[in-house]
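Me: Could you take a close look at the aromatic rings in this model for me, and at the sheet and surface around which the rest of the description can be built? Please spell out the cut-offs as you go.

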Amino acid sequence: MELAILGLGRMGGNMAVRLHKGGHRVVVWNRSKAKVDEHVALGMEGAYEFADLPKMLQQSPRVVWFMLPAGKTTDDAIEQVAPWSSPGDIMIDGANSRWTDDKRRASKLKELGLQYMDAGVSGGVWGLTEGYSLMVGGEQATYDFCEPIFKTLAPPTGNYGLMGPHGAGHFVKMVHNGIEYGMMQAYGEGFEILKKSEYSPDLLQVSKVWQNGSVVRSWLLDLAVNAFSKHGNNLESIQGWVADSGEGRWTVEAAMAEDVPAPIITTALIMRFVSRQDESFSAQVLAALRNEFGGHEVKGT
């Protein structure tokens, strides 16, 4: 097939390479022209301006895959591509967008005769070699047309599928990320308990022992092995400051809207906020209250 990839960051760039190696004709665009040059050197075709795309995409319908920051940046790019698109052309958003944005975009583009799909993409920097898990939302006919693209991006085991109508792909990916929050928090807490115990075992050895055969084995645990191997048991070169992409927040919001109790994901999200505080005033209040009602010891500043 033929498609354009707009956005050559860590995910978009690797996806373009995997598609090119899979035999697809890939046209690439990026705000930084140096990234376009890198991919042209690998055999892809470079569009240095949005205006170059219409004449470079020869297949009908055209397929344009956006791998740009979610929100306004993606909206602005879609608005720039839409005017030169022909009826039936397909736009796919593979960023970590909110599912409600997908429904709005799909409705607006349909009025212009254009097709839209949302694709939740999981796999990170390993996707280039291992393949990506793809959760797609949209219409069945559009999905069927683009399936060769999904098949190439996914692992040989075929980890891709249509999750439902517009927004379903990003909604499923959002919940996937919420689950990821909880799993990561559990690993973090478990390793801290081990580290502070009287035994203080070698955490690299522990993670390797758990890596195969144990109930808690997972790809995240494989990554823990990598991290302890690179940075040591104390992870001395890693600051305990954890960002969030927004998907954990959206998962918690969806859980509340649907009256679903989700204490693990919610707590994992809150712990990411805690990690960003050099000093926690709420913890200071707790310490002060314990001292007031029970005379418990406090640590001075």
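Reply: Happy to. A charge sits over a ring if NZ of Lys or CZ of Arg is within 6 Å of the ring centre and within 35 degrees of the ring normal. By that rule, Arg272 lies over the face of Tyr181, at 3.6 Å from the ring centre. Likewise, the charged end of Arg276 is placed over the ring of Trp241, 5.2 Å from its centre.

A word on the basis. This is a predicted model, where local features need pLDDT of at least 70 and side-chain atom pairs count only at pLDDT 80 or more, while totals for chains, interfaces and linings use all residues. Residues are numbered from 1 along each chain as its sequence is written, and side-chain values use heavy atoms, with hydrogens and water left out.

Now the ring pairs. A pair of aromatic rings is described by the distance of the centres and the angle of the planes. Rings of Phe, Tyr and Trp (its six-membered ring) pair if their centres lie within 6.5 Å; planes under 30 degrees apart are stacked, over 60 edge-to-face, and the rest tilted. The count by this rule is 6 aromatic pairs. One of them is Trp29 with Phe50, a tilted pair at 4.5 Å centre to centre and 40° between the planes. This pair links distant parts of the chain, 21 residues apart: Trp29 is in strand E2 (residues 25–29), and Phe50 is in the loop between strand E3 (45–46) and helix H3 (53–56). Helices (H or I, at least four residues) and strands (E, at least two) are DSSP runs, numbered from the N terminus. Both Trp29 and Phe50 are buried, where buried means under 20% relative accessible area, exposed over 50%, and partly exposed in between (1.4 Å probe, protein chains only).

Phe191 and Phe228 are edge-to-face, because their ring centres are 5.1 Å apart and their planes are at 70°. Phe191 lies in helix H8 and Phe228 in helix H10 (residues 219–231), so this pair ties together parts 37 residues apart in sequence. Phe191 is buried because its relative accessible area is 8%, and Phe228 counts as buried because its relative accessibility is 7%. Helix H8 (residues 168–196) also holds Glu189, which counts as partly exposed because its relative accessibility is 40%. Elsewhere, Trp65, Tyr143 and Phe150 form one aromatic cluster.

Trp29 brings us to the sheet, since strand E2 holds this residue. The sheet is open and has 8 strands in the order E3-E2-E1-E4-E5-E6-E7-E8, with mixed pairing; two strands pair if DSSP finds at least two bridges between them. E3 and strand E8 (160–164) stand at the edges with a single partner strand each, so one side of each has no neighbour in the sheet. E2 and E3 run parallel and are joined by 2 bridges, with Val28 opposite Gly46 in E3. Strand E5 (residues 90–93) and E6 also run parallel, joined by 4 bridges, and Met91 stands opposite Tyr116 in E6. Strand E6 (residues 115–122) is largely enclosed by the rest of the structure, because 7 of its 8 residues are buried.
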